[in-house]
Amino acid sequence: RRLASLRRLRSKDAVEAHVNLRMDQDARWTVKEYLLGHVVGQFVMLCVIAVLLVLAGTLAWIAACTYLTPRRRAKTPDYNTSVIQALWFSWGVFFDPGTQTGIVADEYVAVKVVAVAFSVVGFLFNLVLLGLIVERVKIFLDRMVETYGKIVCTKHILVLGWTDRTLFLLGELAEMAQGNAAQKRTTIVVLGDLSPAEQRAEIRQAFPSWRAGVSPV
């Protein structure tokens, strides 16, 4: 018993020491966590990848024109093997896939392969970058709608909260509204924690025969 008690005390002391050590340490990002788990880190990672790919395209263009062509230069007169022109060509192919159409039709195969390969890679990269930007813009606009959006209604029925009995209450209100001949249209506004899309889905499932005369918002 004493041995078991000593073991429990030692394990408890070890846990407390580990907790105290973790509490003394400052919370911080690791490089991997920041690049993959933070929005700014994701953009930084994509920018670094873009720079590396453009540089790789520059070196591939120079190598293909210098070592894989008989005349040690491409047939296309617009670009030569200088670093500046190769970098500009790589940038254009990477961010504008139409740049490769400027290469002459009878260009050497190695030059065409470099242009097509980096054009495809650049196209895929731009899709990822634009998708990330569109996602962030959508999140921002949705947040603005949630913050500043409102429902402007008059002479409506207001239901506060969404519970298990809300659908039953909506059914009763709809029957009352349909039975009132003086009211041509009745608007029911439900304010609850459930999202509007989920509310509408449950209402459509519970009341598939509802007519346009009753419009839950």
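A: A crossing is called left-handed if the near helix is turned anticlockwise from the far one by less than a right angle, and right-handed if clockwise. Helices here are DSSP runs (H or I, at least four residues), numbered from the N terminus. The model is predicted, so local features need pLDDT of at least 70 and side-chain atom pairs count only at pLDDT 80 or more, whereas totals for chains, interfaces and linings use all residues. Residues are numbered from 1 along each chain as its sequence is written, and side-chain values use heavy atoms, with hydrogens and water left out.

The crossing of helix 3 and helix 4 is right-handed. The axes of helix 3 (residues 39-67) and helix 4 (residues 83-95) come within 8 Å and cross at roughly 125 degrees, where axes are lines fitted to C-alpha atoms over the stretch in contact, and angles run from 0 to 180 degrees between N-to-C directions. The two helices are therefore oblique to each other, a word for angles left over when those under 35 degrees count as roughly parallel, over 145 as roughly antiparallel and 65 to 115 as roughly perpendicular.

Contact means heavy atoms within 4.5 Å, and here helix 3 contributes residues including Ala-50, Val-54, Trp-61 and Ile-62, while those from helix 4 include Ala-86, Phe-89, Ser-90 and Phe-94. The residues of this contact divide into 13 nonpolar, 3 polar and no charged, where Ala, Val, Leu, Ile, Met, Phe, Trp, Tyr, Cys and Pro count as nonpolar, Asp, Glu, Lys and Arg as charged, and the others, Gly among them, as polar.

In helix 4, the buried residues are Ala-86, Phe-89, Ser-90, Gly-92, Val-93 and Phe-94, and they pack against helix 3 and helix 5 (109-148). Among the buried residues of helix 3 are Ala-50, Val-54, Trp-61 and Ile-62, and the buried residues of this helix pack against helix 2 (31-37), helix 4 and helix 5.

Helix 4 has 13 residues and reaches 18 Å from its first C-alpha to its last, close to the 18 Å expected at 1.5 Å a residue, a span taken as 1.5 Å times one less than the number of residues.

Between helix 3 and helix 4 there is a loop that holds Arg-72, which is exposed, with a relative accessible area of 53%.

Notes: Buried < 20%, exposed > 50% of the residue type's maximum accessible area, 1.4 Å probe, protein only.
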